[in-house]
Amino acid sequence: MTGPGDEVAPGGETAGPGGEHADAAADIAAVEQANTAYYEAVERGDLDALTAAWLPNEELTVSCVHPGWPVLSGRREVLRSYALIMAHTEYIQFFLTDVGVSMTGDTALVTCTENILSGGPAEEGASLGPLVGQLVVATNVFRHTPDGWKLWSHHGSPVLAETGEEEDEDPSP
């Protein structure tokens, strides 16, 4: 376990305040599992599991920024936003890429690209509604608690799609 002031070095070793090194692979794996559990809860529409993924009290105010939304602060407001999203999303699946974990002390920072596939209600006679793909870059901040790694903050920003049109600029000086 890493301690206050520890920072994970490349290769998964943690340099402690006294200069000692400890293998942080177990901590990194636990953070990656907590990150995966968060996304799986959203995919399943499981508000109880999602609630359990966030810090349990307000000693550290949680925050969330969904793509295109203002900052949501406080556990009640954040969890309400997920309840609304889940109630209005027929289908959602996340394919995470470019996942990176950085740690210091009892705080972990996860960055990733959310490749999202989502769909709305099915048309009459169809089994599945129209599917839409979206690319979002996300930063998830976790804190270590006695109950494991819990989400402190989530921030998702949409990636602007390339239009395929190139500007008519002369690259010569």
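This is a guided tour of a predicted model, going from the whole chain to one helix, its aromatic neighbours and finally the cysteines.

**The whole chain**

Begin with the protein chain in cartoon view, where the secondary structure comes to 3 helices and 9 strands. If you trace the chain along the sequence, the elements follow the pattern β-β-β-α-α-β-β-α-β-β-β-β. Switch to a surface view, and the accessible surface comes to about 10400 Å², of which 53% belongs to carbon and sulfur atoms. Of the 173 residues of the chain, 35% count as buried. Among contacts between residues at least 6 apart in sequence, 49% join residues at least 24 apart.

**Helix α3**

Next, select residues 75-87, which make up helix α3.

Now show the side chains of Arg75, Val78, Leu79, Ser81, Tyr82 and Met86, which are the buried residues of α3. These residues cover an arc of only 150 degrees around the axis, which means that they lie on the same side of α3. An α-helix has 3.6 residues a turn, so residues three or four places apart point the same way.

What lies over this buried side? The cover for the buried residues of α3 includes the helices α1 (25-44) and α2 (47-53), together with the strands β4 (63-65), β5 (72-73) and β9 (148-158).

Select arginine 76, which counts as exposed because its relative accessibility is 75%. For a distance to check in the viewer, take arginine 76 and glutamate 58, which are 18 residues apart in sequence and 9.7 Å apart in space, C-alpha to C-alpha.

A search of the whole structure finds 4 aromatic pairs. In one of them, the rings of tyrosine 38 and tyrosine 39 have their centres 4.6 Å apart and their planes at 65 degrees, so this pair is edge-to-face. Tyrosine 38 counts as buried because its relative accessibility is 2%, and tyrosine 39 likewise counts as buried, at 3%.

Tyrosine 38 also forms an edge-to-face aromatic pair with tyrosine 82, with 6.1 Å from centre to centre and 85 degrees between the planes. This second pair links distant parts of the chain, since tyrosine 38 belongs to helix α1 and tyrosine 82 to helix α3, 44 residues apart. Both tyrosine 38 and tyrosine 82 are buried.

**The cysteines**

For the last stop, select cysteine 64 and cysteine 112. Are these two residues buried or exposed? Cysteine 64 is buried, with a relative accessible area of 1%, and cysteine 112 is buried as well, with a relative accessible area of 3%; both values fall under the 20% that defines a buried residue. How many disulfides does a search of the whole structure find? The search finds 0 disulfides.

Key:
Residues numbered from 1 in each chain as written. Predicted model: local features only at pLDDT ≥ 70, side-chain atom pairs only at ≥ 80, totals over all residues. Heavy atoms only, no water. Disulfide = S-S within 2.5 Å. Buried < 20%, exposed > 50% of the residue type's maximum accessible area, 1.4 Å probe, protein only. Helix = DSSP H or I, 4+ residues; strand = E, 2+ residues; numbered from the N terminus. Contact = heavy atoms within 4.5 Å. Areas by Shrake-Rupley, 256 points an atom, 1.4 Å probe, with all protein chains shown as cover. Expected span 1.5 Å × (residues − 1). Arc of directions from axis to C-beta. Phe/Tyr/Trp six-rings, centres within 6.5 Å; stacked < 30°, edge-to-face > 60°.
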